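Look at the model below.

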2 protein chains.
Amino acid sequence: MTISDIETPLAPPPTPMGTKERLVAAALSLFQAKGYHGVAISDILDASELPKGSLYHHFPGGKEELAIAAVGFIADEVDARLAAEFSKNKRAGAVLLELAHECVIWLQRSDYTQTPLLGLLAASPGESALTQAICDAQKRWLARFESALGGTEAAHDKACLALASLEGGISLARMSRSSDLLIRSVTLAALRINQR
Amino acid sequence: MTISDIETPLAPPPTPMGTKERLVAAALSLFQAKGYHGVAISDILDASELPKGSLYHHFPGGKEELAIAAVGFIADEVDARLAAEFSKNKRAGAVLLELAHECVIWLQRSDYTQTPLLGLLAASPGESALTQAICDAQKRWLARFESALGGTEAAHDKACLALASLEGGISLARMSRSSDLLIRSVTLAALRINQR
DNA sequence: AAGAAACCAGACCGTTCGGTCCAGTGCGGC
DNA sequence: GCCGCACTGGACCGAACGGTCTGGTTTCTT
């Protein structure tokens, strides 16, 4: 508990996050913007306004452990969101579009500096636990779509297209600094996914 | 002209590339595997078995200039390939599948360590000339698909889906260390693209 | 109230980074 | 034959990196 956690009556969320959460949040945003190797520990510390000791207290494994925690955080976040949407019995295409629209907001907020999770694969140290964490996250998302689509062979195909169009679309959006291309590719993919 | 450029009768390709080409080839492969910041100059030098002096002679701009050259190289390569396929009057979906199959070979050869060009965006220094080079490459490829599809609004949508499914599919393939997911997403996308 | 545990803070260290510099080297023209 | 020049080879440098270490402070337990 730090001073920033005290719930003051007039300023409810001055910095509502604890130290650990601040670190994860800063790390996630920076890693998705510049890749694992592109972010220095000092960058994360600057962004979260925390000293080095705090980081190595909460994450003795250093940079990589922090990165894994960040990936785990976003993985859970999206997974829970997917579960919620699918439980409303929405069609897969609709869920995909829903997700894409949230990505649009996220991209705009960050001024189109963010990259899809899979893009980080390129920037992660080869064959590391971090790479594994990214792969696990993707597999969970893929499985959500697949089972929601019926678990058939065709469902597998469609789930692949859903994720590929989303991740590829985010990349395109970042490139063009506009959400337009993301919406276009996801919409078309959703059409195909809802077919038959 | 170096010794490796001389066409000897009995050993045609002992080292068929000149110094500059060797550097670009090594750099491209490494950058696509580990991202801009993930590759050290010394890595490129080791891979190409060249000393530092050579690099800074051919690329006075250093690491970034080399990276830009590498991006330009692959951009031209793919662009020319697209132009050739489209000139055979193939349907866009067929060209996309053709391209995907070449990517499969390339991925297998590299043991699934390579990443699509756009994935490198995440790992490039923000707002640099390198970022611009990557964006330019993508826009050229996008334009090829778009004009081949008729240049209409619908063509634009389909071109986006083509590129997104390809880049996203490559990421999925790398993640799963299998070309299966790439083929699935691209095939489905091609079906949609050939519609109407 | 007091001692233990958890946590914050930042000076410090060895390594590695990208980049510079210059002394060789060997092939070309003259 | 020799001299110029494009290129190679690698020692070297300052900066920045990830990580360690040890005080000091807060918070929990009893």
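## Basis

This is a predicted model, in which local features need pLDDT of at least 70, side-chain atom pairs count only at pLDDT 80 or more, and totals for chains, interfaces and linings use all residues. Residues are numbered from 1 along each chain as its sequence is written, chains are lettered from A and ligands numbered from 1 in the order in which they are written, and side-chain values use heavy atoms, without hydrogens and water.

## DNA strand C

DNA strand C has 16 residues around it, and the nearest are A:Thr19, A:His58, B:Ile41, B:Lys52 and B:Lys63. Near means that a heavy atom of the residue lies within 4 Å of the strand. By class, this surface has 5 nonpolar, 8 polar and 3 charged residues. Here Ala, Val, Leu, Ile, Met, Phe, Trp, Tyr, Cys and Pro count as nonpolar, Asp, Glu, Lys and Arg as charged, and the others, Gly among them, as polar. α3(A) gives the most, with 5 residues. Helices are DSSP runs (H or I, at least four residues), numbered from the N terminus.

Polar contacts here are pairs of N or O atoms within 3.5 Å. A side-chain N or O atom of A:Thr19 lies 2.3 Å from a phosphate oxygen of DNA strand C. A:Gly53 uses a polar backbone atom, 3.4 Å from a base oxygen.

## DNA strand D

Around DNA strand D there are 16 residues, and the closest are A:Ile41, A:Lys52, A:Lys63, B:Thr19 and B:His58. The surface divides into 6 nonpolar, 7 polar and 3 charged residues. α3(B) supplies the largest share, 5 residues.

Which part of B:His58 lies 3.0 Å from a phosphate oxygen of DNA strand D? An N or O atom in the side chain does. A backbone N or O atom of A:Val39 is 3.3 Å from a phosphate oxygen. At B:Gly53, a polar backbone atom lies 3.1 Å from a base oxygen.

## Helix pair in chain A

Helix α6 (residues 129-148) and helix α7 (residues 153-176) of chain A pack at about 130°, with axes 8 Å apart. Axes are lines fitted to C-alpha atoms over the stretch in contact, and angles run from 0 to 180 degrees between N-to-C directions. α6(A) and α7(A) are therefore oblique to each other. Angles under 35 degrees count as roughly parallel, over 145 as roughly antiparallel, 65 to 115 as roughly perpendicular and the rest as oblique.

Terms used:
Helix = DSSP H or I, 4+ residues; strand = E, 2+ residues; numbered from the N terminus. Polar contact = N/O pair within 3.5 Å; in protein donor to acceptor, adjacent residues only side chain to side chain.
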